[in-house]
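I opened this entry to record what I looked up, beginning with the packing of helices and going on to the RNA and then to the backbone.

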Amino acid sequence: MPRLRFAPSPTGYLHVGGARTALFNWLYARRHGGTFILRIEDTDVERNQPEMVTGILDGLRWLGIDWDEGPDVGGPHAPYFQSQRLERYRAAARELVANGHAFEDEGAIRFKVPPGKTSFTDSVHGPIEFDNEHIENFVILRSDTHPTYHLSVVVDDIDMDVTHVVRGDDHISNTPKQVLLYHAFGKTPPSFAHVPLIMGADKQRLSKRHGATSVMEYEKQGYLPEAMFNFLSLLGWGTGSNDELFTKDELIQRFNLEGISGGNAVFNTEKLDWFNHRHLLRLTDQELVARLKGLEGLDGLEGLKDLSKVLSLLRPRCKKLTDFPDQLRPFFVDPTEYDAEGVKKHLSAPEMPDHLNALRDVYATVSPFDEATLEQTLRSLADSRGIKAGALIHGTRLAMTGRMVSPGLFEMLVLLGRERVIARLARFVSTLKK
RNA sequence: GUCCCCGUCGUCCAGAGGCCCAGGACGUGGCCCUUUCAAGGCUAAAACACGGGUUCGAAUCCCGUCGGGGACGCCA
């Protein structure tokens with residue numbers, strides 16, 4: 001059974017690049033019934049920020065990536081924090097010195113790179129070969145007796161029986177050093193898959209100046225984890241088909257290392273938005289309400305009359321969760337202000353208040369109070385008064401929402417109910433007369 | 001500078017010698033629907049970096065050039 005790991009160092013939040021790497025590892029492990037390990041590489045005392053561990057864990061959990069071994073859950077190879085395994089690395093370094101594979105140098109221990117070539121087969125890039133003369137005798141144990149990255153990953157990956165290393169492209173040139181270490185320890189290297197990096201719109205490596213790069217930032221902005229998951233998994237990987245909209249399970253079924261592309265991928269927020277919209281549409285009402293919980297201005301959402309109908313009216317108009325509060329407003333409170341431009345555009349005719357009054361009168365008694373009847377009523381009223389139905393519709397929309405844009409008017413009227421419709425019309429007319 | 005990776009529409013992905021005068025998606029334009037805004041339907045524009053080979057035949061293989069990215073730390 002394959003064993004894979006995601007090994008972040010807690011020097012910052014979980015960014016989309018790291019998340020994508022974790023995702024591929026997880027997908028592969030789940031696809032093949034393997035094990036997914038989370039290991040914290042916190043050997044750099046200087047840059048390490050312990051509080052970031054929580055941030056990274058939260059990011060993974062939000063995406064729905066769980067781990068079989070690692071922090072919180074433990075496992076047969078605990079501890080999963082490198083800072084707690086220092087003795088192991090020191091022993092390993094001593095072993096290499098004893099073997100003649102490493103030597104002391106100003107208090108540090110360096111690996112003795114042998115002459116020749118070092119090669120490995122990458123699942124994404126195929127065979128890759130480096131001439132050892134381009135590899136310096138690299139440090140494996142610092143003079144403060146902390147291990148360097150190369151030593152700790154290799155020792156841990158050996159100890160933890162890691163079979164597949166899936167990581168960012170930027171590690172390709174580190175790989176020969178690590179392969180050399182495996183050989184020095186008398187072990188066979190795992191298989192490697194180096195996935196392309198995620199770039200910003202300017203094709204530069206993703207960084208703060210590209211705006212949101214933290215996974216949790218996307219949660220704040222109203223993105224769904226399943227949408228982010230779907231989007232990220234298809235950044236640098238293709239299923240081979242033309243379909244793109246997938247659930248997590250579908251992605252697991254399809255995932256394979258061979259489908260990972262060799263070139264860098266640009267993070268396209270517009271496409272993320274589209275994925276989010278589509279996944280939003282797939283949510284049941286219950287799920288949607290649960291996701292919406294906690295957003296400002298949505299107190300009492302669950303008790304809203306005809307909630308399900310209201311939501312289906314708004315769904316096509318929302319890309320993100322954060323779009324809902326604003327769209328939902330008219331269903332919670334009467335408008336207190338009316339779009340000035342809209343009033344000017346649609347209510348400038350002096351007889352408009354009268355028309356709206358007349359509409360209010362018929363709406364007060366019309367029955368049934370349903371879409372078809374309301375529309376018919378409005379249209380024949382407009383007819384008899386010699387005005388366009390559109391004029392009355394726009395005016396009524398302003399009265400109901402205070403705005404120029406809204407979902408379909410008649411659908412809204414029904415959901416608002418006779419009382420509110422009448423009251424809002426009356427209020428709007430009195431405002432107009434002032 | 002040295003080494004490594006990569007190079008198909010603006011972007012993501014398909015294409016693993018003839019099925020490709022290159023396909024899907026996002027975005028963009030147009031049309032339809034329509035009470036506004038969305039959504040939806042239809043449709044259009046849009047790419048094999050360049051130059052040499054190999055081959056009856058190349059987006060697909062080889063070489064070179066150019067371009068992009070990455071690595072060259074007692075960071076990970």
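Which residues in helix 4 meet which residues in helix 5? I looked this up in what is a predicted model, and I found that Tyr149, His150, Leu151, Val153, Val154, Asp157 and Ile158 in helix 4 are in contact with Lys177, Gln178, Leu181 and Tyr182 in helix 5. Sorted by class, the contact of helix 4 with helix 5 has 7 nonpolar, 2 polar and 2 charged residues.

I then turned to the geometry of this pair, where helix 4 spans residues 149-159 and helix 5 spans residues 175-184, and I noted an angle of about 50 degrees with the axes 10 Å apart. Helix 4 is therefore oblique to helix 5, and I recorded the crossing of the two as right-handed.

Next I followed helix 4 to another partner, helix 3, and noted that the axes of helix 3 and helix 4 come within 10 Å and cross at roughly 100 degrees. Because angles of 65 to 115 degrees count as roughly perpendicular, helix 3 and helix 4 are described as roughly perpendicular to each other. On the side of helix 3 I listed Arg88, Tyr89, Ala92 and Ala93, which meet Leu151, Ser152, Val155, Asp156 and Asp159 in helix 4. The contact of helix 3 with helix 4 has, by class, 5 nonpolar, 1 polar and 3 charged residues.

Which residues come nearest to RNA strand B? I found 64 residues around RNA strand B, of which Arg142, Gln204, Glu244, Arg317 and Arg397 come nearest. Of the atoms of RNA strand B that come within 4 Å of the protein, 73% belong to sugar and phosphate. By class I recorded 22 nonpolar, 24 polar and 18 charged residues in the surface near RNA strand B.

I then asked which elements supply this surface, and I noted that strand 4 (108-111), strand 6 (126-131), strand 11 (265-266), helix 9 (269-282), helix 16 (389-401) and helix 17 (409-416) each give at least two residues. The largest share, 5 residues, comes from helix 9.

In the case of Arg397, an N or O atom in the side chain is 2.3 Å from a base oxygen of RNA strand B.

Last, I went through the backbone. The peptide bond from Ala78 to Pro79 is cis, with omega near 0 degrees, and I placed Pro79 in the loop between helix 2 (50-63) and helix 3 (86-99). Asp72 lies in the loop between helix 2 and helix 3 as well, and I noted for Asp72 a phi near 75 degrees, a positive value in a residue other than glycine. A cis peptide bond also joins Ser367 and Pro368, with omega of about -5 degrees, and I located Pro368 in the loop between helix 14 (352-365) and helix 15 (371-384).

Notes:
Residues are numbered from 1 along each chain as its sequence is written. Chains are lettered from A and ligands numbered from 1 in the order in which they are written. This is a predicted model: local features need pLDDT of at least 70, side-chain atom pairs count only at pLDDT 80 or more; totals for chains, interfaces and linings use all residues. Side-chain values use heavy atoms; hydrogens and water are left out. Axes are lines fitted to C-alpha atoms, for helices over the stretch in contact, and angles run from 0 to 180 degrees between N-to-C directions. Helices (H or I, at least four residues) and strands (E, at least two) are DSSP runs, numbered from the N terminus. Angles under 35 degrees count as roughly parallel, over 145 as roughly antiparallel, 65 to 115 as roughly perpendicular and the rest as oblique. A crossing is left-handed if the near helix is turned anticlockwise from the far one by less than a right angle, and right-handed if clockwise. Contact means heavy atoms within 4.5 Å. Ala, Val, Leu, Ile, Met, Phe, Trp, Tyr, Cys and Pro count as nonpolar, Asp, Glu, Lys and Arg as charged, and the others, Gly among them, as polar. A residue is near a molecule or strand if one of its heavy atoms lies within 4 Å of it. A polar contact is a pair of N or O atoms within 3.5 Å; within protein, one must be able to donate a hydrogen and the other to accept it, and residues adjacent in sequence count only if both atoms are side-chain atoms.
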